Amino acid sequence: ELPRPYPNEIPHNEKLLSLKYESLDYDNSENQLFLEEERRINHAAFRTVEIKRWVICAMIGILTGLVACFIDIVVENLAGLKYRVVKDNIDKFTEKGGLSFSLLLWATLNASVVMVGSVIVAFVEPVAAGSGIPQIKCYLNGVKIPHVVRLKTLVIKVCGVILSVVGGLAVGKEGPMIHSGAVIAAGISQGRSTSLKRDFKIFEYFRRDTEKRDFVSAGAAAGVSAAFGAPVGGVLFSLEEGASFWNQFLTWRIFFASMISTFTLNSVLSVYHGNPWDLSSPGLINFGRFDNEKMGYTIQEIPIFIFMGVVGGILGALFNALNYWLTMFRIRYIHRPCLQVIEAMLVAAVTAAVGFVMIYCSRDCQPIQGSSVAYPLQAVGLALFPCFLPTPGSYNPMTLGMFTLMYFFLACWTYGLTVSAGVFIPSLLIGAAWGRLFGISLSYLAKGSIWADPGKYALMGAAAQLGGIVRMTLSLTVIMMEATGNVTYGFPIMLVLMTAKIVGDYFVEGLYDMHIQLQSVPFLHWEAPVTSHSLTAREVMSTPVTCLRRIERVGTVVDILSDTSSNHNGFPVVESNPNTTQVAGLRGLILRSQLIVLGLVPPQVFVERANLNLVQRRLKLKDFRDAYPRFPPIQSIHVSQDERECMIDLSEFMNPTPYTVPQEASLPRVFKLFRALGLRHLVVVNNHNEVVGMVTRKDLARYRLGKEGLEELSLAQT
């Protein structure tokens with residue numbers, strides 16, 4: 001493809017909504033075929049469907065756990081190898097001078113590893129960049145982001161994470177686990193792989209957006225619980241960040257998937273580490289265990305915690321604002337894949353150099369607790385959290401301050417590069433470092449009083465920093481509690497996170513929401529904008545609606561589908577009155593994908609005018625399911641001149657009961673209906689049940705609450 005002329009296409013990009021994103025159909029199309037099939041299924045068959053759902057959830061859990069193990073073990077071995085090479089080299093040159101060579105070696109190693117990781121992402125599958133949480137959030141919200149749950153994305157994601165963590169970037173491997181879990185879920189629940197062209201003929205009932213989306217939310221939860229060893233946190237994450245639709249059965253199945261995923265991870269890792277019956281190892285991340293005796297907290301510390309929350313909110317807002325400007329710059333100027341790779345290599349080299357200089361300058365690198373990994377070599381990417389381990393006096397405050405400052409800017413610069421990487425670990429590390437610093441200065445003031453233990457301030461700082469960047473409250477509290485294995489701190493963590501969220505939201509929105517907005521995705525929030533009661537459906541809807549008649553000429557249908565200027569995906573079907581010209585009453589709604597499937601089996605569906613009752617072969621619902629999710633484009637369907645003159649009766653395939661609203665309905669009412677039912681098209685009718693307009697996702701996502709009140713975004717083809 002040609003290099004896209006980006007800068008002159010989108011000079012400023014935040015006030016746009018992109019037209020390249022389609023909606024998912026969360027709402028089933030209840031046409032005659034669907035109703036006939038559902039009526040055929042008896043109670044026992046429904047029970048087998050339910051059992052299949054549980055089986056799929058178990059498989060999601062197992063596979064997500066295995067992927068997490070794979071990432072963990074490979075990273076451990078590769079990073080260990082790289083560390084040994086660099087360490088031997090440093091030892092050799094410390095004796096005879098010339099350390100600049102080992103710096104060069106380290107930087108080159110890092111840059112080359114990151115280069116491979118960046119090349120596969122930039123050239124093979126750009127969707128795998130970043131942590132993938134914004135993309136999954138959009139998918140669960142009902143936006144179809146191209147390629148987001150493909151097998152190829154999963155492979156690139158896993159390899160990219162391994163390479164970027166081994167390459168010593170300031171990234172974590174936790175965020176991408178969520179994306180990986182979602183891809184696994186989407187793949188298993190369909191019972192086939194479109195990328196590998198294999199169809200296993202199982203789980204065919206689940207081949208529609210409704211079911212697929214429920215499984216994707218289970219996959220995201222399994223990813224969280226594999227990453228942090230926090231099953232309940234995973235369920236809450238899925239509820240808070242992702243799923244737009246929720247019921248008890250879903251909760252229970254998602255919890256099951258999360259538990260299985262943590263269990264798989266622990267079993268495999270315990271076998272790998274050589275104590276096969278010990279299942280107590282935490283997830284991929286280890287905070288160190290907290291002792292309950294000396295780790296209580298008293299009433300006078302509550303204000304201190306709240307103050308830490310404020311600091312975390314301000315620093316998080318600063319992080320997001322810097323990242324916002326950086327991402328804007330990237331969208332405008334660094335949009336060619338080769339430039340993106342060069343930038344990633346530059347960041348890797350700079351990170352290595354900073355780490356090296358810090359090791360060289362700081363003199364407090366004695367090994368902690370017998371481990372051979374000196375502390376600033378964290379840039380090597382071993383997810384240890386020495387900041388939390390309550391060993392008083394092992395850190396020089398000067399080093400901690402330097403580390404916080406450096407790591408803050410490095411992490412900010414790294415997020416949004418074209419590598420797969422999460423922002424969880426870096427923000428926890430930054431927070432832990434400044435929390436530890438805060439705790440040390442407090443214990444100087446308090447003259448070594450028992451309550452001023454730096455370890456617990458490190459924990460609070462980590463929570464505050466992460467909460468200030470991503471603005472999650474509920475799930476983050478539970479994840480932190482499960483990861484430290486300590487319930488005592490539930491209340492202070494919650495206080496810190498809520499403060500951080502309130503303070504941060506005052507300045508700028510959360511990191512994920514910001515990236516969703518920068519990609520111009522039509523994302524629907526929980527509620528309509530507060531001041532939008534003055535708008536009605538008549539002002540919001542898209543007006544010239546392309547309608548089809550109930551019995552329509554094939555040629556007309558093909559022309560409408562081939563017309564690129566109006567790329568509609570849903571067409572209202574109206575009563576066909578050949579002799580009159582006025583708009584007729586609404587009879588149903590048919591989707592572009594359904595019409596295309598009708599066109600794939602042309603001779604059987606089209607009926608000659610003479611014998612309307614003669615149909616040779618009935619289309620089954622299976623034909624529609626087999627074409628899902630990649631429906632062929634209309635160009636692949638060739639219709640002869642004779643066939644163009646045939647008539648086609650749509651009444652069997654259209655949804656005869658589409659949701660409609662009267663044109664006087666207010667925007668919040670329309671929004672609520674659209675959002676709660678997960679619709680894709682909402683037909684607007686007048687008093688005579690005649691079609692006057694159509695509301696789609698983009699018409700609702702256009703209105704947003706800005707600084708001055710309600711603002712309307714413009715739509716653009718990006």
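Accessible areas come from the Shrake-Rupley method with a 1.4 Å probe, and for residues only the protein chains shown count as cover. On that basis the protein chain has an accessible surface of about 30,700 Å². Carbon and sulfur atoms hold 63% of that surface.

This is a predicted model: local features need pLDDT of at least 70, side-chain atom pairs count only at pLDDT 80 or more, and totals for chains, interfaces and linings use all residues. Residues are numbered from 1 along each chain as its sequence is written, and side-chain values use heavy atoms, with hydrogens and water left out.

The protein chain has 718 residues, and 57% of them count as buried. Buried means under 20% relative accessible area, with a 1.4 Å probe and protein chains only. Contact means heavy atoms within 4.5 Å. Among contacts between residues at least 6 apart in sequence, 79% join residues at least 24 apart.

The secondary structure comprises 25 helices and 16 strands. Helices (H or I, at least four residues) and strands (E, at least two) are DSSP runs, numbered from the N terminus.

Now the sheet. Three strands form an open sheet with mixed pairing, in the order S6-S8-S9. Its edge strands are S6 (548-549) and S9, each pairing on one side only. Two strands pair if DSSP finds at least two bridges between them. S8 (residues 570-574) runs antiparallel to S9 over five bridges. Two opposite positions are listed here.

S9 (residues 586-591) is mostly covered, with five of its six residues buried.

Methods
Buried means under 20% relative accessible area, exposed over 50%, partly exposed in between (1.4 Å probe, protein chains only).
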